[in-house]
Amino acid sequence: MMSEMEMSRRGVLAGSAATAALVAASHVEAQPAKAVPPAKMPVSLTVNGKRHDLTLDTRTTLLDALREHLQLTGTKKGCDHGQCGACTVIVNGKRINSCLTLAVQHQGDAVTTIEGLGTPDKLHPMQAAFVRHDGYQCGYCTPGQICSAVAVLDEIRLGVPSHVQADVSQRPQPTNIEMRERMSGNICRCGAYSNIAEAMAEVAGAKA
Amino acid sequence: MKPFTYERAKTPAEAAAAVARQPGAKFLAGGTNLLDLMKLEIETPRHLVDVQDLKLDSIEPTSEGGLRIGALVTNTALAADMRVRRDYGVLTRAIVAGASGQLRNKATTAGNLLQRTRCPYFYDPNMPCNKRKPGSGCAAIGGYSRQLAVIGSSDKCIATYPGDMAVAMRVLDATVETVKADGKTRAIPIADFHRLPGDTPHLDHSLEAGELITAVTLPRPLGGTHHYEKVRDRASYAFALVSVAAVIQKDGTGRTAFGGVAHKPWRVEAADDAMPQGAAAVTARAFADARPTDANAFKLQLATRALAATIAGGRSA
């Protein structure tokens, strides 16, 4: 057995995914007699402009539908409890945690993931700004950060208020403190926060 | 997560009947708290009735000069509504002090009222918890209780209601409107909506099985300045250690409710009368029956200081 020291980061991630799959399987087998059996349902999602018709176990989160069924692995699973923001996607124009919502809740919804924002050849302005400002280090939280950042600038444009406004009856402005407050649901353990806020400020300024 | 079946209801009465009819059924709105608890198998519904198609997502004026907030209005939409920002600033302030932008986009008004405690022992299935498993005991009493209740607790449970929105609704004297499985409706004053733990800490609120929240109504605007001061371990995206919702008039009178201190938003109307005498006079009355632990007694002083900061002009709307 590998020692902790020998285990690579990738090995840890792959190992925990396999463990999670085993745990999930044993849970299903260990159902008490009165429990309901797993149920499957059809659901249609439009992801990055393309419609997908799926039949999924009702327990499938939107995150797992994207990653495991549509192979869109750009969206990341961090905590799987809505605490880290790595799974952030944009649904019908609004950012949400895809780990805390069931795929079957999104019949007919339009989902935008990091794959739908830009491509390596044609980056979204926010992706380009993250590159220019070094808004990441390991990159694991980055897809969620970028989806969140794009939606945050929309929220500011639409006048959605925030905790750091001196007067919530006024329109918010795209200031550094606003970016920081509004991005608090996206954790970056490498600590690229200040560069992320600068990337966002650049994109906000370019559009102003 | 335990397996479950799923349906989408078309009307509030149909949704209520569907949950009342099937054992182990629950309503599903935004799902941000329920899904989290289902993954931990703290919540194990056998059937989910999704209420997103019930058209309860608008905010309308009432004939009494207040607002009627549909149960499915998202936290973001409620906080951003210009009428709320102008006339009920304490509510906007409380909502934007809670959770993250992603969660507020999905979480609903009704779901926010129904969110469950964040007591670490409730969240840990290996520990006894009378709220999660009635009769199993309370590991929080004598345990790590820094975040937990200082007043209104019992020898069965010292959990707190974790939310911010309801604390503002308590200071505004909101009313929770519901429909039951038989189609009957009722209006529950927010003061009576959340319960104290007593001997039945597994009951967070006064809803009956299958009773669905359809709206929250706000009375006429109170005027005055609106404040929500939240003290927490991080500057953003953390639950309150103590929060203060207040509406203060020019003459120094006003009303206040506290979050993070009890099993429900904590307001003592007799304490409101002391507002002109200052924060210490208010909290002396509001927390006269406090029973803090050694680890959370600091919340009493913190409540006084947070209210003092609020009266001095703190974070107003």
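Me: Contact means heavy atoms within 4.5 Å. Among contacts in chain A between residues at least 6 apart in sequence, what share joins residues at least 24 apart?

Reply: In chain A that share is 52%. This is a predicted model: local features need pLDDT of at least 70, side-chain atom pairs count only at pLDDT 80 or more, and totals for chains, interfaces and linings use all residues. Residues are numbered from 1 along each chain as written, chains are lettered from A and ligands numbered from 1 in the order written, and side-chain values use heavy atoms, without hydrogens and water.

Me: How many helices and strands does chain A have?

Reply: Helices (H or I, at least four residues) and strands (E, at least two) are DSSP runs, numbered from the N terminus. Chain A has 7 helices and 5 strands. Their order from the N terminus is α-β-β-α-β-β-β-α-α-α-α-α.

Me: At what angle do H4(A) and H5(A) pack?

Reply: Axes are lines fitted to C-alpha atoms, for helices over the stretch in contact; angles run from 0 to 180 degrees between N-to-C directions. Helix H4 (residues 125-133) and helix H5 (residues 142-158) of chain A pack at about 120 degrees. Their axes lie 10 Å apart.

Me: Which residues of H4(A) and H5(A) make the contact?

Reply: H4(A) brings Met126(A), Gln127(A) and Phe130(A). From H5(A) come Thr142(A), Gln145(A), Ile146(A), Ala149(A), Val150(A) and Leu153(A).
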